[in-house]
Amino acid sequence: MKQRFTTKLIQSAVAAAFVLSANTASAEGSLSIYHWFEYIPQEVLDKFSKEYDVEVTMDTYDSNESLLATLKAGKLGSYDVAVPGDYMVEIMRNEGVLDSFEPSDLSNFGNIMDQWLDVSFDPGRKNSIPYQWGSTSFSVNRDMYDGDIRTTDIIFNPPEELAGKINMLDSQGEVLALASIHLGIPQCSSDRDQLKALNALLQEAKPKWASFNSDGAKDVLVSGDAVAGMIYNGFSAKARNEGVNIEYSYPKEGFIVWMDNVVLLKDAPNRDNALKFMNFLLEPENMAAITNFAQYTAGVKGVNELLTEALKTSPESNPPADAPAGSFIAVCDEATQKLYDQIWTNLKK
Amino acid sequence: MSTKLNNIVSGNATFHHQRHKLLLPAWLVICLLLVVPVLMMLVYSFLTKEFRGGVIWEFSLAAYDQFFFDRGLFGDEPAKIDWTYMRIYARSALQAFIASVLCLVIGFPTAYFIATRSVRSRPVWVFLITIPYWVNLLIRTVSMKFMIRDSGPLNTWLLQAGIIDQPIHLINTNIAVQLGLFYSYLPFMVLPIYASIERYDFSLSEAASDLYASKWTTLRRVILPAVKPGIIAGCILVFVPSLGAFLAPDLLGGAKNFMIGSLIEEQFKGNAGNWPFGAASSMILLAIVMGVLLLYARNETNAAGSR
């Protein structure tokens with residue numbers, strides 16, 4: 001009995017190894033994607049697979065940091081494309097794990113919206129194409145407060161009605177970036193007066209905040225624990241869809257934007273298919289299918305007409321005409337980052 | 001095979017002979033899962049921080065320097081003692097102390113009550129105490145948050161009963177954190193005390209009252225000294241996990257101030273991580289806890305010696 005069990009075990013192990021090696025083989029006609037969890041509908045993958053006669057395999061990750069860690073730990077060379085967030089594109093390029101391409105490699109390169117062509121984290125789009133983007137600012141429960149909310153004063157210098165009822169994201173990058181936008185100073189400043197002002201602003205605002213919570217940013221607004229709170233636009237839309245009178249703000253001082261991007265990885269085993277896939281994603285029809293699934297915003301021309309009515313008119317995804325441009329979270333050098341770490345510790349000590 | 005087993009069971013000498021071999025699995029587990037990780041942390045705390053998480057294998061005291069000295073926001077002021085982190089430790093210790101006292105005040109009478117029921121009904125009471133703890137700690141803490149929020153069931157009931165006319169604001173306060181810790185760790189107090197009281201010989205209480213001791217004196221002079229080991233075990237079991245707790249402070253207290261647990265967690269998270277500092281903070285905590293326990297052990301030995 002034991003003998004037979006062992007034999008079976010060996011058989012299945014051999015079979016598994018065979019299947020695995022078949023999947024990762026760099027033969028013609030396969031594509032290996034490393035992607036966020038639940039971020040692309042299966043239909044889109046199937047469609048690509050069918051159209052180009054390519055076998056698609058996909059592994060998933062749950063944070064930008066784990067994507068980088070996996071690649072650095074020896075997985076570079078087994079994936080063709082990945083989908084890092086804006087700042088991670090820059091970090092990955094600096095770490096040397098990205099490959100570059102020419103605009104002429106992608107016949108649909110012209111479909112990228114003009115404002116997403118020359119982005120700070122990838123000037124001229126040499127390593128990446130836009131996937132989905134969204135914004136981070138704050139929302140207010142309109143049943144409890146009906147004043148003007150299109151200013152970051154709501155968070156950093158709140159009116160009496162909101163004091164003590166504000167939730168902040170428990171995330172250093174986002175809080176310090178929005179505070180810098182509020183003060184109108186650069187995100188990676190090493191100017192002493194600016195940093196002291198930033199430190200002082202946060203110290204003064206802290207007593208007026210109720211809590212720090214990222215995962216529960218939507219929940220605290222829906223439950224009424226907080227009346228106003230920093231939040232991602234997609235999260236705020238969900239809170240509104242749950243029937244609470246929540247309004248997302250595009251403040252006049254500015255707001256944070258983030259963008260996930262498809263990158264071509266260094267040592268990609270199927271470079272040609274990776275480029276075909278990127279080109280495929282730049283077709284409005286395909287990107288619209290992804291956008292309808294993910295509920296964020298695409299960076300590709302011609303997608304808007306193909307979206308569901310709810311998404312097309314969602315106030316969270318459509319900034320008012322007079323909204324300023326958003327800012328990406330900047331990547332600071334080590335010496336500067338240390339100062340910002342210190343300010344964050346001061347805030348939470 | 002069976003003779004060998006008999007030897008182990010009956011012959012004490014054989015058992016002693018086998019002792020080291022028999023202890024081997026336990027020693028292996030302790031070494032691999034306890035000693036090695038602590039040593040790794042000790043080593044990491046003396047290494048240089050790598051930007052964006054990780055360490056560089058170069059000796060450095062920077063992590064301990066950061067813990068004890070303040071050189072200003074820009075790092076160029078003359079070093080002075082930094083109270084920031086010590087204050088976080090003191091705050092956590094105070095919080096754990098209050099949680100232990102609360103658990104003791106409620107836990108001792110509870111344990112006494114259970115231990116004085118009939119032998120047959122005691123398991124039922126113990127069972128009732130443990131039932132809520134079949135549910136994951138995170139879920140219990142989130143439920144507590146749901147219960148005590150301004151529009152939650154607790155305030156709704158109190159308002160309807162006419163006991164209060166304004167909701168009691170508990171969420172995101174220190175009281176909520178204490179409530180959470182108390183609720184999380186109460187059985188750790190009740191169960192060891194119950195075990196002690198159950199072994200207590202109640203004829204000693206009768207003897208005390210025969211000798212004209214009041215109930216209070218009996219409790220203070222007879223019962224408490226007899227069940228002291230259980231009380232101390234309970235206090236340690238509540239104090240130590242409360243010291244490093246971060247679920248209750250984060251979820252119920254609003255995460256506005258670092259506790260020891262959240263301070264260390266932050267050092268290993270994402271981009272801004274500082275592994276050597278996180279390791280150093282853990283080592284300092286470990287040193288404090290060991291110091292307190294050693295001090296206690298020495299007092300005990302001294303007390304036992306002078307008796």
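1. With which residue does A:K47 form a salt bridge? The partner is A:E285, and the closest N and O atoms of the pair are 3.5 Å apart. This is a link between distant parts of the chain: A:K47 sits in helix α2 (residues 42–52) of chain A, whereas A:E285 belongs to helix α11 (residues 284–294) of chain A, and 238 residues separate them. Please keep in mind that the model is predicted.

2. Three are found across the interface of chain A and chain B.

3. Next, the interface itself. Chain A brings 34 residues to the contact and chain B brings 24 residues. About 2,600 Å² is buried between chain A and chain B, and carbon and sulfur atoms give 51% of that area. On the chain A side, A:D225, A:K348 and A:K349 deserve a look: they supply 22% of the area that chain A buries against chain B, more than any other three residues.

4. Within chain A, helix α6 (residues 172–183) and helix α7 (residues 192–205) pack with their axes 10 Å apart, at an angle of about 110°. The two helices α6(A) and α7(A) are therefore roughly perpendicular to each other. From α6(A) the contact draws on A:V175, A:L176, A:A179, A:S180, A:H182 and A:L183, and from α7(A) on A:A197, A:L198, A:L201 and A:L202. Sorted by class, the contact of α6(A) with α7(A) has eight nonpolar and two polar residues, with no charged ones.

5. Helix α7(A) also packs on helix α13 (residues 334–348) of chain A, here at an angle of about 20° with the axes 9 Å apart. That is why α7(A) and α13(A) are roughly parallel to each other. Their crossing is right-handed. On the α7(A) side we find A:L195, A:L198, A:N199, A:L202 and A:Q203, which meet A:L339, A:Y340, A:I343, A:N346 and A:L347 in α13(A). The classes in the contact of α7(A) with α13(A) come to seven nonpolar, three polar and no charged residues.

6. Last, a helix pair in chain B. How do the axes of α5(B) and α8(B) cross, and at roughly what angle? Helix α5 (residues 122–130) of chain B and helix α8 (residues 174–199) of chain B have axes that come within 10 Å and cross at roughly 165°. That makes α5(B) roughly antiparallel to α8(B). The crossing of these two helices, α5(B) and α8(B), is left-handed. Helix α5(B) makes the contact through B:R122, B:V126, B:I129 and B:T130, and helix α8(B) through B:P187, B:V190, B:L191, B:Y194 and B:E198. In this contact of α5(B) with α8(B), six residues are nonpolar, one is polar and two are charged.

Conventions: Residues numbered from 1 in each chain as written. Chains lettered and ligands numbered in written order. Predicted model: local features only at pLDDT ≥ 70, side-chain atom pairs only at ≥ 80, totals over all residues. Heavy atoms only, no water. Axes fitted to C-alpha atoms, helices over the stretch in contact; angles between N-to-C directions. Helix = DSSP H or I, 4+ residues; strand = E, 2+ residues; numbered from the N terminus. Parallel < 35°, antiparallel > 145°, perpendicular 65-115°, else oblique. Left-handed = near helix turned anticlockwise from the far one by under 90°. Contact = heavy atoms within 4.5 Å. Nonpolar A, V, L, I, M, F, W, Y, C, P; charged D, E, K, R; others polar. Buried area = accessible area lost by both parts, 1.4 Å probe. Salt bridge = Lys/Arg side-chain N within 4 Å of Asp/Glu carboxyl O.
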